[in-house]
Amino acid sequence: MFRISNHYVSKIVAVLLLIELGVLFAAGYLGVNLRFMGKPEYLSDFRQFWVPVGVTALSILLGMSAVGMYQRNIDENLRATLLRLMPSFGIALLVMMVVFYAAPELSLGRVLLVIVLLLSALGILCVRTIFFRLVNSPMLASPILFLGSSDLVRDCMETSHQNLRNHKYNIVGTIPVAGEDSTLAMLVEPAGSLLETARKYKAEEIVVAVQNRRGGALRIQELLECKMKGVRVTDAAGFFEREACQIRLDSLHPSWLVFGSGFDQSLLRTFFKRSFDLITSCLMLPLLSPLMLGAAICIWLEDRGPILYRQERVGKNNENFMVLKFRSMRVDAEKTGTPQWASSDDPRITRVGNVMRKYRIDELPQLFNVLRGDMSFVGPRPERPYFVEQFAREITFYNVRHCVKPGITGWAQVRYKYGASKDDAIQKLQYDLYYVKNNSLFLDVLILIDTLSVVIFGAGT
């Protein structure tokens, strides 16, 4: 795992992406040779095809990213890979149509493009079949040792088993800690100091998951010795941040937030964030205006009610604003006057509203909120003051999410299901905290790509 702009990126995913980029360029080179076989005047200088082949390769990579082929838990099944390749190539063709319309000289031509696409698909299928067999080899699993014997250790172990970041771990065991009740079955017999125990079991990393750190349970001097001798030492909060891309509240200490990296609120970050919002919104509004017009007509035809609705939400620095959305519920959805959670199968949702919610069409008017500066394109989901007041009292660190502008889409929206309870709010907060801590232009772009995958395949919220 390595970091780009504070966001953790899987080395396995990065290597796979680079390999497949090479495969796509190789497919372009081979396609040109097959298409112009026997015509040396075309093959004498392949440099004339580098830019068109590059555009094609990057369009395919964008399409593959948009359908989740570089996300967590990448499909290892050949059939699943093939099923995702089809829509990814469809997206790539749409991108290429736009590019080739604007710059016809970049086009490969229909026959050559078909040959390159076929070779690309074949190459990607072969690469992924071989790649995942190698990656799943037990020899590549990292031996890891846990310090602690509480429920927090169990959560860490479950996270490592879930392979959230496409990295395999070999859990060699847990070192018991005095004062913690243990029900774990993987306790190891300490071999003297922590360093001696780590070397005995050939552990490359020790994850500290001690809930009660008083009375010397943390063993600071021994952990420092391990770190000085080449054994990585990670606390539970950092482990969850790295492996699950969330900040777990049950492993969090306030000092970790205070002294840790991230939380970039500089003027430069604010400038780039606002520029990104304006450029993205100005590009999307003209493209999506036919869809928005169609949605408005369908809403009006269904019940002749209002098309838009305005609702008070909490934004940056706990300042309230009025959010704009397409109306997806009946006009009398809250006739009692008391705010209610909207569930995924809520009977108040209209038929048109159900379709709009599924594909996130009801959120599109929020583009005007972004232009006005009330919202950002990417950020935590804006909640109603009634719920914010309740959660701020009951959930630790809840108001940290209001350090940035709320967003149309966000890390929690693409990583967690639709929230309709306090427990869901806690789960989503853990992703919101990760975004607030590690937000960057790079992460915003990744979230936009993931959002497209959510819209296509119905994952996330």
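At the start of helix 1 in this predicted model, a side-chain oxygen of serine 10 comes to within 3.2 Å of the backbone nitrogen of isoleucine 12.

Stepping back to the chain as a whole, the secondary structure amounts to 17 helices and 10 strands. The C-alpha atoms occupy a box of roughly 70 × 70 × 40 Å along the principal axes. Of the 461 residues in the chain, 49% are buried. Among contacts with a separation of 6 or more, 75% join residues 24 or more positions apart.

The largest nonpolar core holds 50 residues, and Phe326 and Trp411 have the most contacts inside it. Once neighbours within four places in sequence are set aside, phenylalanine 326 is in contact with Met292, Ala295, Ala296, Ile299, Ile307, Leu308, Tyr309, Met356, Ile361, Asp362, Leu364 and Pro365. Another core, of 38 residues, lies apart from the largest one and includes Phe36, Phe49, Leu112 and Leu125.

Isoleucine 91 belongs to helix 4, which runs over residues 78–102. Its relative accessibility is 16%, and because buried means under 20%, isoleucine 91 counts as buried. Beyond residues up to four places away in sequence, isoleucine 91 touches Gly63, Ala66 and Val67, as well as Leu452 and Ile456. Isoleucine 91 and valine 355, separated by 264 residues in sequence, lie 21 Å apart in space, C-alpha to C-alpha.

Glutamate 383 sits in the loop that links strand 9 (376–378) to helix 14 (385–394). Glutamate 383 is buried, yet it has no salt bridge. Leaving out neighbours within four places in sequence, the contacts of glutamate 383 are with Arg313, Val314, Val388, Tyr398 and Arg401.

Key:
Residues numbered from 1 in each chain as written. Predicted model: local features only at pLDDT ≥ 70, side-chain atom pairs only at ≥ 80, totals over all residues. Heavy atoms only, no water. Core = buried A, V, L, I, M, F, W, Y, C linked by side-chain atoms within 4.5 Å. Buried < 20%, exposed > 50% of the residue type's maximum accessible area, 1.4 Å probe, protein only. Contact = heavy atoms within 4.5 Å. Polar contact = N/O pair within 3.5 Å; in protein donor to acceptor, adjacent residues only side chain to side chain. Helix = DSSP H or I, 4+ residues; strand = E, 2+ residues; numbered from the N terminus. Lys, Arg positive; Asp, Glu negative; His and termini not counted. Salt bridge = Lys/Arg side-chain N within 4 Å of Asp/Glu carboxyl O.
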